[in-house]
Structure formats: structure tokens, C-alpha cells
Amino acid sequence: MGEVDAAFVQASEHRPKTSVIVDEGIPLIDLSPINYQIEDTIPVSCIQGLVKEIGSACKEWGFFQVINHKVPLDKRQRIEDAARKFFALDMGEKLKVRRDADNVLGYFEAEHTKNIRDWKEIYDFNVQEPTFIPPLLEPDNDQSLQFQWDNRWPHNPPDFKEACQEYAEEVEKLAYKLMELVALSLGLVPNRFRSYFTHNTSNIRLNHYPPCPYPHLALGLGHHKDTGVLTVLAQDEVGGLEVRRKSDGEWIRVKPIFNSFIINVGDMIQIWSNDCYESVEHRVVVNSEKDRFSIPFFLKPALYTDVMPFEELLDDKNPPKYRSLNWGSFRTARLRSNFAKSNVENLQIYHFKFPSD
């Protein structure tokens, strides 16, 4: 093994264990009950069992897997193939579409999580193009927010842009259907969340985790929670995603299931639901032999969205636990910490919690 680069080394308490607990209890949910629906919203009578399953999974795990989701397999395979071809290009070619402080989209090879560098390279693109950024937004007068973000599409591979856009259209549909089910499970109307995504900032990330010579010291992606609303993840057959089980804090490896998606609740659902559903820590371990690829879709609201607990869920026994959080300001603060090491703790949603009595 060559010399270890200290930038990648995790603190001892965050390093992967040699023993692995695989997939104990992570819910697997069959979405067949909604497959035949053609209406804009789902009739509740047909899907009460499914809604209950979703609610239980969100409450107990914050994570679940779905099958029979209607995202065409050929479109998933096409974007997976495009990702492999893109990451196989030489570094000079990839750096042509490298992201910077003015535009957070494109290729990046030096991401940090909790101030430790991740063992991976990524490519980000936004689902809505260009992404609308309202001029009234003033996140501490941060100059890095221009009025729109445009995707940085590479010239190679030739069908890369089309493969990404076709897949995005399908996985976005799935995310909105899942949000209807989440809303119903909370006792809300199915389209309760929909207005927050008119000018959404949702993005898709292509991840490549190369073989790592010191997988016992580094992580492909350090322990973290997702800041957005909902994540829909396609992972390959290599696997490596680990979820922190709420009941005992153990790290559980999510076993890859062919043509399934892994879904997890993000921080914004935690606030909207007033902690009924909680965003859960997860991480990615690497191995010394195989490349791993994954493609998460991150459902995110418009930048001007003020997120606070839904009034319908509050009463004297369940008062609001959070003050209002502006998504644009929150996201900008978090993006800064992804570029490089920082001496300041990453902004977290608990910074917006009212003090408990």
C-alpha cells in the first residue's frame, strides 16, 4: 500500500468496522398498488396498506427500498452506462466541466464531508434547466449565487446529456408519487408538498467510488444526513451504502436489489413533519478491488421556500419544534463546506430548533 493521504483519513470512531451487518430489517416496499393509476393523484382507498408501510418505514428507519416503481430499466441502464463512460475519460477532459464558486454544477473530485475528503469523484446536474434563482434572495449577500444555474454538459460521451435528461424525467415522477404517499401517511392531503417544487432546485449526482488502497481508513462518503426533501438512489451491484439504525445506532449495509431504488427522508421533511419523520445518518464504504457507481436524485424545493412545521400537524401537545428556515440560505451555507475544509461546524437543522423546556 502506498503512503496514506491524511486528507482522506477518518477519525477512528468513524472508520468502517471489519464486521458488517447486512440489511437487517430495512423495509422493502412494493409500489404495485399505484402502478395502474393514471390520475394526477392517487385514490386513497386503493393504497391504505401501502401508505401505512411508507409511514412506518419513514418513522422507524427514515430509509426504505422500493420495487415495481415504473422507472424504465432501459433508461436507468442508459444513464449508468453514460456515467461509466464519463468517469473513464482522462482528467483533463473531465476538468473542462469542473464546478466552481460561481456555478455549483458539473464535475468535482475534491468533495469534503464533515471536513474530511471523500474517496470519490462526482458529476452534478440540475433537473430544472436553467434553475431559477429569485433576485430577492439575500443569503448574507453571498456573491456566488447568480440568477440562474446552467448545467455544464460535457461533449463526451456524445449521448450523455440525453441519457441524463431522460432518466431525470422518470425518476422525478417517482419522487412526486412518493411525496404523495408520504403526505397521506402524515394525514395530509396528497398534494400538500407539490407547490414547493414549482421552481425546484432538485439535482442528480453521478458518483464514482474508485478502488481504495486503504478502505479501513477512508470512506467514499462520510457520515451525514441529506439536507433536501427526499432522496431516490440507484446503486450498482457492488454496494457500500450503510445506514445508521435508529434503534441501536449500528451501521447496516444496504444490500443491492436489482432494479430497486433506495429512498430516504431528508432534513426538510423532518422540519415539515415536526420530527415525526427524521432524516437518518448514512455513509458509503469503499473497497480495494472494485469501482462502485451510484446515482442519487435529490428532491429539493425552490430556493425562496421558507420551511417550517406544517400547522395541520401542530397542537398544544405537539408545538412547533423549529423556527422558519430559508432553504436558499441554508443550502448556500452547506455548499460552501463541500468545497474545502472549514473550521466552522456545518450548518445543521438543529441550529433552527426552539430550545426545549
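Trainee: At what angle do helix α1 and helix α4 pack, and how far apart are their axes?

Mentor: In this predicted model, helix α1, which covers residues 48–60, packs against helix α4, residues 160–185, at an angle of about 85°, and their axes are 8 Å apart. Angles of 65 to 115 degrees count as roughly perpendicular, and α1 and α4 are therefore roughly perpendicular to each other.

Trainee: Which residues make that contact?

Mentor: On the α1 side they are L50, V51, I54, G55 and C58, while α4 contributes L178, L181, V182, L184 and S185. Sorted by type, the residues of this contact are 8 nonpolar and 2 polar, with no charged ones.

Trainee: Switching topic, what is the mean pLDDT of the protein?

Mentor: The mean pLDDT is 88, and 88% of the residues reach 70 or more. Over residues 136–146, however, the pLDDT is below 50, although this stretch has 17 contacts in the model beyond near neighbours in sequence. Where pLDDT is low, the predicted coordinates should not be read in detail.

Trainee: What lines the second largest cavity?

Mentor: Its lining is formed by Y209, P210, V238, G239, V285, V286, N287, K290 and R292, a set that divides into 5 nonpolar, 2 polar and 2 charged residues.

Trainee: Now the backbone: which residues does a cis peptide bond join?

Mentor: The cis bond joins N156 and P157, with omega at about -5°, and P157 is found in the loop between β9 (148–149) and α4.

Trainee: And what about K114, is its phi positive or negative?

Mentor: K114 has a positive phi, about 55°, although it is not a glycine; K114 lies in the loop that runs between β5 (112–113) and β6 (116–117).

Definitions and conventions
Residues numbered from 1 in each chain as written. Predicted model: local features only at pLDDT ≥ 70, side-chain atom pairs only at ≥ 80, totals over all residues. Heavy atoms only, no water. pLDDT = per-residue confidence, 0-100. Contact = heavy atoms within 4.5 Å. Axes fitted to C-alpha atoms, helices over the stretch in contact; angles between N-to-C directions. Helix = DSSP H or I, 4+ residues; strand = E, 2+ residues; numbered from the N terminus. Parallel < 35°, antiparallel > 145°, perpendicular 65-115°, else oblique. Nonpolar A, V, L, I, M, F, W, Y, C, P; charged D, E, K, R; others polar. 1 Å grid on protein atoms, 1.4 Å probe; cavity = no way out; pocket = protein on both sides within 12 Å on 5 of 7 lines; lining within 4 Å.
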